[in-house]
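Please find below a colleague's note on the structure under review. The points are numbered so that each may be checked against the display.

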Amino acid sequence: MKQVEKYSDGYLKFRKRQITQKWLVRAAQFSIFAVLIILWEVLTKYQVIDSFFISSPSRIIKAIGELSASGELFGHIGATLYETLAGFAISVGLGTIIAILLWTSSTVKRILEPYLVLLNALPKIALGPVIIILAATQTAAIITMCVLICVITTIISLLSSFINADAEHITLLKSMNANKAQIFTKYVFPSSIPNFISVLKVNIGLCWVGSIMGEYLTSTRGLGYLILYGSQVFKLDYVMASVVIIAILATFMYVLISFVEKRVHKL
Amino acid sequence: MNAKKNTKTSAKTNALVFKNVSHNYYESYGEDKVLADISFEVKEGEFVSIVGPSGCGKTTILSIASGLLKQTGGEVLTQEQGYMFQKDLLFPWRTVYQNVILGLEIKKILTPETAKYADQLIEKYGLKEFRNAKPAQLSGGMRQRVALIRTLVLKPKILLLDEPFSALDWGTRLAVIDDVYRIIKSAGLTAMLVTHDAEEAASLSDKIVRLTARPSTVREVISLTQNPDETPSMRREKHEVQALARSLNSV
Ligand SMILES: Nc1ncnc2c1ncn2[C@@H]1O[C@H](COP(=O)(O)OP(=O)(O)OP(=O)(O)O)[C@@H](O)[C@H]1O
Ligand SMILES: [Mg+2]
């Protein structure tokens, strides 16, 4: 409800302080960023540190310019984005479906529990070489890598929030003769949405790990490949340019999910 | 509690019958004997309270009456029932209206007619301006009223009430009880209430089923004659009601 009448002096002071605080934080954040970039640029310019090894802001911008002029860059970005997003979509979809199946049958869940624990403990990257041999294409291998990294935690996390859905609400639905599908769609899933969104956040991060690691292992395309290539031919500008682009893209995706989260909270 | 205008309770047919019902919960560590031998009848339109020591199986009786639980022994005759719990159990992401029609959705009987009935009940019980509000915006008493409407919209024959007032603070509680009682009586519903409050049982009931400790049996069935012109909170002031409550509280 919107207040129409005038606010009290105390409240106006409080708001003023709040807003000042907010701008102070923003200004400090931006200053730190600017100082770091300028320091980096100046120190490399006057050879205090060697720009050959750690590049410099201007060299990174130049490298991005070169790579995009030759058209190469967008191919790399596209390849990595495709792998990351496909891995993300498949791991979320598959993980959700499996979590639902395990929630539906407690017997199956009990049978499979030790395997879930085992797979969860295993560092999936150890399977990298095997996946590369088995998968039909490089892209398929990398996507599989992403899926393997996220799917088990997705299953475990979603399943635990499904199982912990409030028993009394479920009893209420049962007293209305709800079937299992209705219990799931009307209550169990909606009440798990906050957890579902945090799963999305974790998964998008892990899929970036999967796609970059996958490209290190087996690829001739993508930002991970560009990093590996740059480091092998000592073009550290390429390495840093890729890292900057990955940071921007990954942050953008994370922010996008946070935005969706805020919208859901308002519902 | 005198016997005038005692029309509602005079209906002869049974709405709910428990006949030598027993129930054991099966656990890995053994059998938990809760109900030993429970028999009672609830007539149509009657308001029956179940009282007894903590953990004696009152909720178990309601679960069996509602069909949520199958008794391990004995016979139960029941009708279409609606269940009201201690907590309102409203879904926080649904509006008042959407909460009210939950059961209609589940039973796949959400039609223009039933939706209209839902809105009529919302209006009748004074929640019209909160129709599109979320439960978080309502007071405890209003939330419990929404929970009641959610049950009533399914047109149950019997209302099963498991301490639905105990989560409310005292002032609200008396008002909500009067409110719910009036709604139940004016709709001619049969009700079975579980309560820990002896005065509540004495001021609402046409019949009180008093249980022993677990494994429980029926200790006594007390029939009362209530004056339909009095509200439950008025009855609480009367010394017969208070005396009965005291005797229910004594061991
Ligand atoms: N699902 C269940 N599985 C196993 N034991 C149960 C279950 N539900 C209840 N019990 C046991 O049965 C006994 C009776 O429980 P019930 O909830 O019916 O009692 P109650 O009279 O409603 O108790 P209260 O006065 O605390 O509400 C308790 O000892 C409880 O531990
Ligand atoms: Mg109980």
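1. Basis of the note. The model is predicted: local features need pLDDT of at least 70, side-chain atom pairs count only at pLDDT 80 or more, and totals for chains, interfaces and linings use all residues. Residues are numbered from 1 along each chain as its sequence is written, chains are lettered from A and ligands numbered from 1 in the order in which they are written, and side-chain values use heavy atoms, with hydrogens and water left out.

2. Strand S7 of chain B. This strand covers residues 190-194, and five of its five residues are buried. Buried means under 20% relative accessible area, exposed means over 50%, and partly exposed lies in between (1.4 Å probe, protein chains only). Strands (E, at least two residues) and helices (H or I, at least four) are DSSP runs, numbered from the N terminus. One side of S7(B) carries B:Thr190, B:Met192 and B:Val194, the other B:Ala191 and B:Leu193, and both faces are covered.

3. Neighbours of S7(B). Two strands pair if DSSP finds at least two bridges between them. Strand S3 (residues 47-51) of chain B is joined to S7(B) in the parallel sense by four bridges, and B:Ser49 has B:Leu193 as its bridge partner. Strand S6 (residues 158-162) of chain B also runs parallel to S7(B), with five bridges; here B:Leu159 stands opposite B:Ala191. Between S6(B) and S7(B) the chain passes through helix H6 (residues 170-186) of chain B, in a right-handed β-α-β crossover. Right-handed means that, with the strands pointing away from the viewer, the path from the first strand over the helix to the second runs clockwise.

4. Which residues come nearest to ligand 1? They are B:Glu27, B:Lys58, B:Thr59, B:Thr60 and B:Arg214, out of 14 residues around the ligand. A residue is near a molecule if one of its heavy atoms lies within 4 Å of it. By class, the shell has three nonpolar, six polar and five charged residues. Ala, Val, Leu, Ile, Met, Phe, Trp, Tyr, Cys and Pro count as nonpolar, Asp, Glu, Lys and Arg as charged, and the others, Gly among them, as polar. Helix H1(B) gives the most to this shell, with three residues.

5. Atoms facing ligand 1. An oxygen atom of the ligand lies 2.7 Å from a polar side-chain atom of B:Thr59. For polar backbone atoms, the distance to a ligand oxygen is 3.0 Å at B:Gly57 and 3.2 Å at B:Cys56.

6. Helix H1 of chain B. Eight of the nine residues of H1(B) are buried, so the helix is largely enclosed by the rest of the structure. Among the buried residues are B:Lys58, B:Thr60 and B:Ile61. After H1(B) comes B:Gly67, whose phi is positive, near 85°.

7. B:Arg210 belongs to strand S8 (residues 207-211) of chain B and is buried, at a relative accessible area of 6%. Its side chain makes a polar contact of 2.6 Å with that of B:Glu220, and reaches the backbone oxygen of B:Ser250 at 3.0 Å. A polar contact is a pair of N or O atoms within 3.5 Å; within protein, one must be able to donate a hydrogen and the other to accept it, and residues adjacent in sequence count only if both atoms are side-chain atoms. In chain A, A:Glu83 sits in helix H4 (residues 72-104) and is buried, with 2% relative accessibility.
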